[in-house]
Amino acid sequence: MKGVPQIPPLDHLEYMRFALSQAQYSPSKPTNFRVGAVLVDEESNQILSTGYTLELPGNTHAEQCALRKYSAAKNVTEEAVGLVLPIQTVLYTTMEPCQSRSVGNLPCVDRILRTLSSHSRGIKTVYIGVKEPNTFIAANAGQSKLEKAGIVCVHVHGLEEEILRTATAGHQVS
């Protein structure tokens, strides 16, 4: 992957910083958060894919883009991507994955859950920069839904202010 920094193994803050750099590519709009996501094989310390809000056509979210791009690179459908993910794949996302979307869009939480398979593959850990603010959804229970399914969610501290400033660029200040 071109333009990918060398990040020391398990340096969660640096991986989150890289996810934040992806979020900054997202267009500023009043109707969405600018979010970045990075899929990482923790065993090999290899970045598998990246994504950011509205990177791909449609009303796409960062996690969705990262999974779609990885599935395309592996020549499988997004629905089957869990079968080809390395066993220790983790996801870094600047904001808690959504649990609710507009009609026709699968929530990011469900996309993450869909990666789990009987072959010990799938995303089993999600590193989160900030909880989703109540701007569009009254109370996002994305993290809770992931945890109930056995996925470990870890809050990466240290970039919250910068993540929120980036995420809400383009929003009206009242």
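**Reading a core, a buried serine and a hairpin**

Guide: This is a predicted model. Start with V126, which touches L91, T93, P97, I112, L146, I151, V152, C153 and V154, leaving out residues up to four places away in sequence.

Visitor: Which residues have the most contacts inside the largest nonpolar core?

Guide: A nonpolar core is a set of buried residues joined through side-chain atoms. The largest one here has 38 residues, and M16, L39, Y92, I123 and V126 have the most contacts inside it. At least two residues of this core come from each of α1 (12-23), β1 (36-41), β2 (46-52), α2 (62-73), β3 (89-95), α3 (108-114), β4 (125-130) and α5 (160-167). The largest share, 5 residues, is supplied by α1.

Visitor: Is S71 buried or exposed?

Guide: Buried means under 20% relative accessible area. S71 has a relative accessible area of 4%, so S71 is buried. This residue is found in helix α2.

Visitor: What does the side chain of S71 reach?

Guide: The side chain of S71 reaches the backbone oxygen of R68 at 2.9 Å. Apart from neighbours within four places in sequence, S71 is also in contact with V76, T77, E78 and V81.

Visitor: In which sense do β1 and β2 pair?

Guide: Two strands pair if there are at least two bridges between them. β1 and β2 pair in the antiparallel sense, over 6 bridges, and G36 stands opposite Y52 in β2. The two strands form a hairpin with 4 residues between them, and N45 in the turn has a positive phi of about 60°.

Visitor: How many residues of β2 are buried?

Guide: In β2, 6 of the 7 residues are buried, so this strand is largely enclosed by the rest of the structure.

Terms used
Residues are numbered from 1 along each chain as its sequence is written. This is a predicted model: local features need pLDDT of at least 70, side-chain atom pairs count only at pLDDT 80 or more; totals for chains, interfaces and linings use all residues. Side-chain values use heavy atoms; hydrogens and water are left out. A nonpolar core is a set of buried Ala, Val, Leu, Ile, Met, Phe, Trp, Tyr and Cys residues joined through side-chain atoms within 4.5 Å. Buried means under 20% relative accessible area, exposed over 50%, partly exposed in between (1.4 Å probe, protein chains only). Contact means heavy atoms within 4.5 Å. A polar contact is a pair of N or O atoms within 3.5 Å; within protein, one must be able to donate a hydrogen and the other to accept it, and residues adjacent in sequence count only if both atoms are side-chain atoms.
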